Amino acid sequence: MARLEIHQFPTRSDNYGVLIHDPATEATAAIDAPDAEELLAALQKRGWTLTDILVTHHHGDHTAGIEAVKRKTGCTVIGPAREAGLIPGLDVEVKEGDTVEVGGVKGRVIETPGHTRGHVSYFFPDDGLVFVGDTLFSVGCGKLLEGDAKTMWSSLSKLAALPPDTRVYCGHEYTDANCRFALTVEPENEALQARAAEAADNTAKGSPSLPTTIGRELATNPFLRPQSPAIQKRLGMEGRALEEIFGEIRKRKDRF
Ligand code: ZN
Ligand code: FE
């Protein structure tokens with residue numbers, strides 16, 4: 001049974017901060033800590049007391065606020081064991097299959113390397129929520145800064161296998177720009193056309209395009225669709241390995 005309350009807020013230039021709150025125990029976790037002041041302001045706005053930070057990866061735009069927030073709140077900092085030396089204030093190291101708890105609500109750690117070597121995502125099955133940091137974006141995916149296409153494709157495949165109605169919270173608001181690229185890869189995709197129109201409208205209104213869902217990403221996100229005959233044809237890669245096709249899409253996006 002779902003019981004977590006979620007507060008998503010824009011932070012830094014194009015990051016999102018997310019707070020998840022268990023009303024039964026009053027526990028509250030932040031997904032990453034991009035900016036200490038903005039995170040503390042969001043907590044105050046909701047009247048929530050921070051108990052934990054769940055860190056997805058070591059990049060500064062996800063960790064810069066950790067130390068100040070920890071000093072102020074005494075929260076526990078949980079993050080990937082494989083990036084232990086790179087994350088300030090890390091208290092608890094987690095790896096694939098480990099359980100994290102927000103109050104009484106259990107989440108599962110899914111290792112999703114590729115953007116960074118140790119990137120993790122946090123999946124809360126009872127609430128149908130996944131926090132994916134910079135691995136998966138709506139209609140996009142993270143850059144391969146510390147991993148190859150094979151590694152990232154394997155990570156994205158794990159996320160793609162979650163229930164389609166799982167709500168996906170991402171580290172950045174990139175949807176509108178991602179749609180412009182995606183339409184060059186699969187212009188005939190009607191679900192993508194609709195997503196692009198909606199994202200452009202979100203941008204015009206200054207409203208968030210997130211969260212998304214796994215089902216919606218499977219229908220629109222070219223990085224989850226290397227099996228699409230239309231994409232394979234457009235890239236001249238019919239019948240090639242899915243990770244190779246994924247890698248080619250990623251390369252094209254880097255040049256776009
Ligand atoms: Zn990052
Ligand atoms: Fe980031």
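Predicted model: local features only at pLDDT ≥ 70, side-chain atom pairs only at ≥ 80, totals over all residues.
Local features need pLDDT of at least 70 and side-chain atom pairs count only at pLDDT 80 or more, while totals for chains, interfaces and linings use all residues. Residues are numbered from 1 along each chain as its sequence is written, chains are lettered from A and ligands numbered from 1 in the order written, and side-chain values use heavy atoms, without hydrogens and water.

Start at the zinc ion (ligand 1). His57 (NE2), His59 (ND1), His115 (NE2) and Asp134 (OD) coordinate the zinc ion at 2.2 to 2.3 Å. Donors here are N, O and S atoms within 2.8 Å of the metal (3.2 Å for Na, K and Ca); water is not among the atoms, so sites may look incomplete. Along the sequence, the zinc donor residues follow H-x1-H-x55-H-x18-D. Angles among the four donor atoms run from 85 to 175 degrees, and the zinc site is irregular. Four donors count as tetrahedral if all angles lie between 85 and 135 degrees; four count as square planar and six as octahedral if opposite donors are over 155 degrees apart and all others between 65 and 115; anything else is irregular.

Now the iron ion (ligand 2). Its protein donors are Asp61 (OD), His62 (NE2), Asp134 (OD) and His172 (NE2), at 2.1 to 2.3 Å. The spacing is D-H-x71-D-x37-H. The arrangement is irregular because the four donor atoms subtend angles of 83 to 170 degrees. Aspartate 134 bridges the two metals, which lie 3.1 Å apart. Helices (H or I, at least four residues) and strands (E, at least two) are DSSP runs, numbered from the N terminus.

Histidine 57 has 0%, histidine 62 has 1%, and aspartate 134 has 4%.

Turn to the nonpolar packing. A nonpolar core is a set of buried Ala, Val, Leu, Ile, Met, Phe, Trp, Tyr and Cys residues joined through side-chain atoms within 4.5 Å. The largest has 28 residues, of which Leu136, Leu156 and Phe246 touch the most other members. Helix H4 (149-160) gives the most to this core, with five residues. A second, separate core of 19 residues includes Leu54, Ile78, Val105 and Leu129.

Note on methods. Buried < 20%, exposed > 50% of the residue type's maximum accessible area, 1.4 Å probe, protein only.
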